[in-house]
Amino acid sequence: MLWIMRFSGLFSAALVIIVLSPSLQSFPPAEAIRSSHLDAYLRFPTSDPPPHRFSFRKAPVFRNAADCAAADVDSGVCNPSLVHVAITLDFEYLRGSIAAVHSILQHSACPESVFFHFLVSETDLESLVRSSFPELKFKVYHFDPEIVRTLISTSVRQALEQPLNYARNYLADLLEPCVRRVIYLDSDLIVVDDIAKLWRTRLGSKTIGAPEYCHANFTKYFTPAFWSDERFSGAFRGRKPCYFNTGVMVMDLERWRRVGFTEAIEKWMEIQKSDRIYELGSLPPFLLVFAGEVAPIEHRWNQHGLGGDNVRGSCRDLHPGPVSLLHWSGSGKPWFRLDSRRPCPLDTLWAPYDLYGHSR
């Protein structure tokens with residue numbers, strides 16, 4: 001488990017305290033903020049040519065601890081003992097997805113019991129994943145962009161308009177019926193705690209669980225036209241809606257299928273096309289359907305906003321408290337900033353999980 005505490009409200013590598021459980025495998029994330037190791041991660045060759053765009057190193061093999069359930073390589077996706085994680089794969093964010101998988105495996109006590117569901121709209125990505133993780137349990141699911149292309153509206157950032165960004169809406173349809181629960185994760189994050197802890201989240205009667213931020217200005221996620229029209233704003237009547245980030249969610253797919261939440265989200269996307277009730281991409285429809293009806297999860301499981309805002313992507317500090325997941329939501333991604341030799345301090349925590357390029 002990783003704990004990061006702030007002093008004087010400012011992040012500095014010299015002012016970070018990390019306490020890491022000795023049971024974790026491979027090198028700890030604390031190595032990324034020690035000066036002797038920082039130099040290695042931030043050293044850029046001056047004479048060697050850059051590696052191929054899609055060249056990834058092979059990760060170490062991660063094995064289950066002694067007290068884990070026996071790993072059955074032939075059990076398949078329907079094994080009830082598996083932890084299911086869904087992540088999108090595309091060429092633009094592939095480097096982030098690979099790092100996310102690496103971080104999950106490294107900090108899992110039972111990595112052989114984690115099953116990954118990769119959502120793709122492009123081909124030739126499966127072999128890249130397999131080259132880095134030869135023994136990984138995973139399956140690739142094709143998401144047809146045409147399903148949502150006509151429903152997508154322009155957003156404040158072009159990346160938010162990509163069809164694959166909406167694949168999370170269709171997990172209940174894409175994944176096997178025997179998969180009753182899944183953790184959905186964005187591609188721009190790392191997990192520094194055992195993913196099984198998040199998997200055990202109690203949802204109760206709720207369909208999704210996520211960290212909520214009830215002090216955020218909820219009104220800003222919708223246009224004045226939305227709030228002035230009772231047909232739209234009335235959706236929150238009888239609810240106490242709070243902002244939550246859809247990049248980290250525990251989802252009850254069985255309940256989702258039964259109620260038909262995909263159709264409810266699509267309905268709001270259709271309204272958006274004609275009435276322009278929000279400016280962001282896939283988030284507002286989720287807020288309209290679920291805000292106020294979310295099972296709360298500790299904030300440690302989504303230290304989001306590390307990529308800055310949706311325009312400038314400026315450096316951000318951590319929220320106070322312990323950290324189990326760091327999320328570079330916003331326009332600034334750690335791999336781009338590291339490659340440009342202008343990283344933010346927290347980007348160095350992402351670097352040890354990066355498998356891109358040749359061996360260091």
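Just after helix H11, glycine 292 takes a positive phi of about 90°. Helices (H or I, at least four residues) and strands (E, at least two) are DSSP runs numbered from the N terminus. This is a predicted model, in which local features need pLDDT of at least 70 and side-chain atom pairs count only at pLDDT 80 or more, while totals for chains, interfaces and linings use all residues. Residues are numbered from 1 along each chain as its sequence is written, and side-chain values use heavy atoms, with hydrogens and water left out.

Let's start with the chain as a whole. The protein chain has 13 helices and 11 strands. Of its 360 residues, 56% are buried (under 20% relative accessible area, with exposed over 50% and partly exposed in between, for a 1.4 Å probe and protein chains only). Taking contacts (heavy atoms within 4.5 Å) with a separation of 6 or more, 73% join residues 24 or more positions apart.

Now to the interior. A nonpolar core is a set of buried Ala, Val, Leu, Ile, Met, Phe, Trp, Tyr and Cys residues joined through side-chain atoms within 4.5 Å. The largest one has 51 residues, and Phe222 and Trp256 are among those with the most contacts inside it. Helix H11 (residues 283-290) gives the most to this core, with 6 residues. A second, separate core of 39 residues includes Leu125, Phe138, Ile195 and Leu203.

How well covered is H11? Here 8 of its 8 residues are buried. The elements that cover them include H10 and those in this table:

| Element | Residues |
|---|---|
| Strand S6 | 208-210 |
| Helix H7 | 224-228 |
| Strand S8 | 243-244 |
| Strand S9 | 248-252 |
| Helix H9 | 253-259 |

Finally, how do H10 and H11 pack? Helix H10 (residues 261-275) meets H11 at an angle of about 120°, with axes 9 Å apart (lines fitted to C-alpha atoms over the stretch in contact, with angles from 0 to 180 degrees between N-to-C directions). That makes H10 oblique to H11, since angles under 35 degrees count as roughly parallel, over 145 as roughly antiparallel, 65 to 115 as roughly perpendicular and the rest as oblique. From H10, Phe261, Ala264, Ile265, Trp268 and Met269 meet Pro285, Phe286, Leu288, Val289 and Phe290 in H11.
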